[in-house]
Amino acid sequence: MSRIIIDMKYSFIETFNDKINIFLLFILPTFMFLLLGNVLGGLGSQLPDNIASGMSYFDFLLPGILAFFIMTAAQMAAGTIVHYRRSGVFRKLSTTPISNMEWIAARIIMWTILTLLTLAVAIFAAWLIIGIHPNINLISLLLMVAGTALFAGMGILIANFVKNEEASMTITLSITFLLTLVSGTFIPVETMSWPLQYLAKISPLTYLSEGLRSSMITGNTGDAFTDLLIVTGIGIILFGVGVALFNWKED
């Protein structure tokens with residue numbers, strides 16, 4: 001446990017000492033929240049029929065935006081692992097007492113905390129400037145944590161099959177872009193053609209988005225809890241496979 005805490009401490013110091021990380025973690029997400037709120041906030045008439053009347057389109061999009069940013073954990077995980085493997089960091093870590101499982105645990109916790117901080121700052125700014133009132137509750141928080149672990153596990157899995165950061169970025173961006181299009185993140189699944197609706201059913205982002213929407217907007221706790229179980233189950237599988245394939249080996 002002490003080794004995990006020490007690695008987390010080092011990771012946080014490394015992250016917050018880089019001004020680019022501050023921009024990517026807080027300023028850019030906040031800007032996107034505010035931009036979407038101003039551009040799409042007046043499109044409430046285009047909401048699906050099963051959404052409560054009087055709700056702005058930005059309110060409908062907010063859970064999807066949260067899910068989208070949570071999904072970036074895949075890029076964070078894959079990029080970090082590939083970079084460390086290529087730069088020799090893993091070779092040095094292999095000579096220390098910390099195990100690969102401890103390192104992964106420390107990073108998963110750190111990525112989760114960073115993701116929650118990112119979302120908290122962006123939501124606070126949107127509430128302060130636009131006046132949104134997101135209903136953050138226990139289930140939505142658990143979905144955020146489980147979703148971060150899910151996509152971090154996906155990133156770890158991807159990192160085991162790519163040799164450089166460019167390939168890692170290309171693959172993760174391609175996957176996240178595809179999932180964003182077919183998972184009802186910004187476009188209601190009901191409006192899609194049936195092949196895309198089928199893809200939505202097998203996309204983990206669908207259940208994360210719908211779970212957040214059910215817990216934050218419609219108040220359907222039962223559906224939100226079911227989505228939480230699905231997200232957690234998929235996360236355990238992806239994380240387990242990713243960890244099983246993970247090693248300190250450099251390419």
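This is a predicted model: local features need pLDDT of at least 70, side-chain atom pairs count only at pLDDT 80 or more; totals for chains, interfaces and linings use all residues.
Local features need pLDDT of at least 70, side-chain atom pairs count only at pLDDT 80 or more, and totals for chains, interfaces and linings use all residues. Residues are numbered from 1 along each chain as its sequence is written, and side-chain values use heavy atoms, with hydrogens and water left out.

Helices are DSSP runs of H or I with at least four residues, numbered from the N terminus. Helix α1 covers residues 2-16. Its 15 residues should span 21 Å at 1.5 Å a residue, and its end C-alpha atoms are 21 Å apart, which agrees. The expected span is 1.5 Å times one less than the number of residues. Within α1, the buried residues are I4, D7, M8, S11, F12 and T15. Seen down the axis, the buried residues of α1 fall within an arc of 135°, so they line one face of the helix. That arc is taken from the directions from the helix axis to the C-beta atoms. S2, I5, I6 and K9 are exposed on the other side of α1. Buried here means under 20% relative accessible area, exposed means over 50%, and partly exposed lies in between (1.4 Å probe, protein chains only).

Helix α11 spans residues 221-245 and has 25 residues. From first C-alpha to last, α11 reaches 36 Å, close to the 36 Å expected at 1.5 Å a residue. Its buried residues are A224, D227, L228, V231, G235, L238, G242 and V243. Their cover includes α6, α7 and α10 (204-218). T232 is also in α11. T232 counts as partly exposed, at 32% relative accessibility. The C-alpha atoms of T232 and A149 are 8.4 Å apart, although 83 residues separate them along the chain.

The largest nonpolar core has 65 residues. Such a core is a set of buried Ala, Val, Leu, Ile, Met, Phe, Trp, Tyr and Cys residues joined through side-chain atoms within 4.5 Å. F33, L66, W103, F151, L208 and L212 touch the most other members. Helix α7 (residues 138-159) gives the most to this core, with 12 residues. Leaving out residues up to four places away in sequence, W103 touches D7, T80, I81, Y84, F90, L93, I98, F246 and W248. Contact means heavy atoms within 4.5 Å.

The largest pocket holds about 990 Å³ of space. It is lined by 31 residues, of which N21, L24, L25, Q75 and M76 are the closest to its centre. On a 1 Å grid over the protein atoms alone, a pocket is an open set of points with protein on both sides within 12 Å along at least five of seven lines, and lining residues have an atom within 4 Å of a point. Grid points are joined across faces, edges and corners, and the volume is the space filled by probe spheres set on them. Helices α1, α2 (19-40), α3 (57-71), α4 (73-87), α6 (100-129) and α8 (165-182) each supply at least two lining residues.

M76 is found in α4. M76 is partly exposed, with a relative accessible area of 22%. Not counting residues up to four places away in sequence, M76 touches L25 and W111.

A200 is in helix α9 (residues 194-201). A200 is buried, with a relative accessible area of 1%. Beyond its neighbours within four places in sequence, A200 is in contact with V182, V189 and T206.

Notes:
On a 1 Å grid over the protein atoms alone, a cavity is a set of points where a 1.4 Å probe fits but cannot get out, and a pocket is an open set with protein on both sides within 12 Å along at least five of seven lines; lining residues have an atom within 4 Å of a point.
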